[in-house]
Structures are given as structure tokens and as C-alpha cells.
Amino acid sequence: MDSMLVTGGCGFIGTNFVRYLLKESDFSGRVINVDKLTYAGNPENLSDIEKDFPERYIFTKTDICDQEGMARIFEDYRIDTVCHFAAESHVDRSIVRPDAFIQTNIVGTFNLLELAKANQGRLILFHHISTDEVFGSLGKEGFFTEETPYKPNSPYSASKAASDHLVRAYYKTYGLPITISNCSNNYGPYQFPEKLISLMILNALEGKTLPVYGDGRNIRDWLYVKDHCTAVWTIMKHGKRGETYNIGGKNEMENIGLVEMICDVLDEHQKREDNLPRRELITFVKDRPGHDRRYAIDFTKLTRELAWIPEESLETGIHKTIQWYLDNQEWVSRIKSGEYQSWIEEHYG
Ligand code: NAD
Ligand code: TYD
């Protein structure tokens, strides 16, 4: 793997992956990061990487749906490996405006697959990043395995399911060397403050209300983002072509318990000026339509076949994440300001 195309490298997980790849892993090639820079993409996340690895890190602002632009990138950089993160990723946005989800997640993935096929002679691997949400919702018992039938419930998860099927079909039909990973909910540094954990941390720090959907008893299986990155790299190096791997953290938690935990940890780190506990900011709000009740991942296959296990527990991961947001207040205020969008316009058009 000499020349790796990473799509969506300026987003939350992509940023963490590029950082891990270049700074910590045994990858020795170069990364070509292609990102459209939507509201969720922030090239500043990797500005130190750009400086420290001038020979090994290249960024280009391109839409994965742009056939000509992407064809040029495959050609110019002699891409031999693809790690595909780029997506519209937020369920609530997909409920209000699904259009971009269909375009980027389905058509964009199709475009990349076609280009990978056109460059198949050189291609070592196309790794597709997906979610456990494609499996739908669990009741009180049971886990998602790689054999669980797909039953997506939101426009987001349906679009990811469609892209997974396309990737698998390109393996079966054209012999494209692919792997797929379906991961549970991530949290950690650089997460845009719209997903549960990042939103709650920042609202709690600002003394804003903490909106918990429905009865707050929905369960997610949380994974610290660095653990996702090590799992993806493990699969890319050792995974069997054509196979799917589930990635999870064995960290199931009800939303309300998690939000209370965030409040308590924040109180420990930094008391409110009025000394009141942050739990009093919690407000139950109208439920999300089609809200999946429970996700829980069985990642036995990844442990048994590729010897991967997560390092962080939810407690250690939450502490690290809160510390990161406290240490990076400038990042937070930049990403929340219009100033950041105009900076992108100015630099990248
Ligand atoms: P994110 O929304 O933070 O980042 C997505 C990135 O993709 C952004 O930088 C955005 O600018 C870029 N992008 C969007 N449309 C694009 C396009 N048309 N062309 C090029 N770039 C485009 O998302 P994330 O949380 O980092 O998720 C990354 C991937 O991981 C997604 O495929 C998502 O489905 C998957 N995933 C996420 C989670 C999670 O908990 N966040 C869990 C499992 C899987
Ligand atoms: P989210 O972070 O949007 O991830 P996903 O929907 O992809 O699992 O939401 C995680 C859980 O938190 C989900 O059950 C919805 C809930 N939630 C809230 O209760 N309040 C919020 O403000 C958000 C963003 C999510």
C-alpha cells in the first residue's frame, strides 16, 4: 500500500484515522485525503499533519461524486488503496433532508467503485467504512453479528446499507478486492457537536439544556474513535478480501445514563460557577421519528480471526474526550462560528 486514497479525511473519524495512520501505525506510504468540506469537514484538523508530513500527506477539496475530478486523482496519484469514510453521517439531518445522503452515500460510493474497477490492475484494497445501523434495531436481548440481515430504519442507515450492498456486489461480480467494516457509535476528539456525546459535552460546558430524546432509554454501544482506527487498519492489513467485520466496544449504555455520566465527569473537572450539578440541565424532548431502540455489536469475528480488541472502556474514553474538548476550546469556538465557514471559502473556494 503505497498510495492510499482516504475519503472524508477532514471529518471526525477520517481525521483520527489519518492522524493514526501517519503518526502511529506501521503504514509507510502516502495519504491522499479527498474531502468536499461540507459543514462536517474541517481541514484545520490536519494542519499540523500537513506541516509534519509534506511528502506523505496531500489534501484535495473534491466531491467523491465528481467523476472527472476523482478519475484524475486516481490517475495522478496512482492510487492503489482506498479507505472510504466520506458520507453524510447524521441521522437527524437525514430525516429532514435525505437528498445529500442518497447522493454522497450511494452515488458517491458507486462512483468510487467504478473508478476502483477501472484501476483494478493496480488496486490492492477498497475498504468501505460502514455502520451497525444497517442492521436496524435490537430488542432487550441479542447482538448484531456479520450474519444479521439488513433492516435499516432511517434514510441515513438505508443509504449506508445500499452502499454496503454495492461494495459487496463489486467483489462478487467483478472480483474487486474489498473489505467492509460495520462499526458502532464512535466518540472522541474532533467530533462535530451534533452527535450525542459531543453535543452534550459542549452544551453542558455552556450551561445550555441537554435534550434527551423520548424516555432516554435507547441504548447505543459506544466505541472510542482511536479503537475504531486500530480496528480499520487491522482489517485493511489482515482482513480477508470480500469479508465484512463488525467493530464494537462492548460498552452498551442507555442515553440517559450516559448523559448523567457526562454531567458528573464535567462537574468533577470543572465546577459550574453557580455550583449546581449539570444534571439539572437535562431536558426530555420529543422523540426522533423511527428511533432505533438498541444497538449492540458482537465483534467476536474480529477478535478471533484478526486478534483485535478495543483498548478504552467508556469511563476512560469519556474522560479523555472531555479533557480534549476542554483543552481545545478554540477548535470548538472556530467550528461553531460562521468565521470557520468563511475561512473555508477563502482557502478552498
Ligand atoms: P463526519 O460527518 O464527521 O465526516 C464526514 C466527512 O465526509 C466530512 O469531512 C465531509 O466533508 C466529507 N464528505 C461528505 N460528503 C462528501 C462528498 N460528497 N465528497 C467528499 N467528502 C464528503 O462523519 P464521521 O462520523 O467521521 O463518519 C465517517 C464514516 O464513518 C461515515 O461513512 C459513517 O457512516 C461511518 N460511521 C460513523 C460512525 C459514528 O459514530 N460517527 C459509526 C460507524 C460508522
Ligand atoms: P446520535 O449521536 O445522533 O447517533 P445515532 O443516532 O447515529 O446512534 O444519537 C445517539 C443516541 O442519542 C440516539 O439514541 C439519539 C440520542 N440523542 C439524544 O437523545 N439527544 C440528542 O440531542 C442527540 C443528538 C441524540
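How close do the axes of α7 and α11 come, and at what angle do they cross? In this predicted model, the two axes come within 11 Å and cross at roughly 55 degrees, and that makes α7 oblique to α11.

**Helix α7 and its surroundings**

- The crossing in which α7 passes α11 is right-handed, and it brings Ile197, Ser198, Ile201, Leu202 and Leu205 of α7 up against Ile318, Thr321, Ile322, Tyr325 and Leu326 of α11.
- Helix α7 spans residues 196-206, and its buried residues are Ile197, Ser198, Met200, Ile201, Leu202, Asn203 and Ala204.
- After α7 comes Gly207, which has a positive phi near 70 degrees.

**Helix α9 against helix α11**

- Helix α9, made of residues 255-269, packs with helix α11, made of residues 314-327, at an angle of about 55 degrees and with the axes 10 Å apart, which makes α9 oblique to α11.
- The crossing of α9 and α11 is right-handed.
- On the α9 side the contact is formed by Leu258, Met261, Ile262, Val265, Leu266, Glu268 and His269, while α11 contributes Leu314, Glu315, Ile318, His319, Ile322, Gln323 and Leu326.
- The residues of the contact of α9 with α11 consist of nine nonpolar, three polar and two charged residues.

**The seven-stranded sheet**

- Seven strands form an open sheet with parallel pairing, and their order across the sheet is β3-β2-β1-β4-β5-β6-β11.
- The edges are taken by β3 (57-61) and β11 (244-247), and because each of these has a single partner strand, one side of each is left without a neighbour in the sheet.
- From one strand to the next, the twist of the sheet averages 20 degrees.
- Within the sheet, strand β5 (residues 125-131) pairs with strand β6 (residues 178-183) in the parallel sense over six bridges, and His127 stands opposite Thr179 in β6.
- Helix α8 (residues 225-238) packs on the sheet, where it touches β1 (3-7), β4 (81-84), β5, β6 and β11, and the direction of α8 makes about 145 degrees with that of β5.

Notes
Residues numbered from 1 in each chain as written. Chains lettered and ligands numbered in written order. Predicted model: local features only at pLDDT ≥ 70, side-chain atom pairs only at ≥ 80, totals over all residues. Heavy atoms only, no water. Axes fitted to C-alpha atoms, helices over the stretch in contact; angles between N-to-C directions. Helix = DSSP H or I, 4+ residues; strand = E, 2+ residues; numbered from the N terminus. Parallel < 35°, antiparallel > 145°, perpendicular 65-115°, else oblique. Left-handed = near helix turned anticlockwise from the far one by under 90°. Contact = heavy atoms within 4.5 Å. Nonpolar A, V, L, I, M, F, W, Y, C, P; charged D, E, K, R; others polar. Pairing = 2+ DSSP bridges. Buried < 20%, exposed > 50% of the residue type's maximum accessible area, 1.4 Å probe, protein only.
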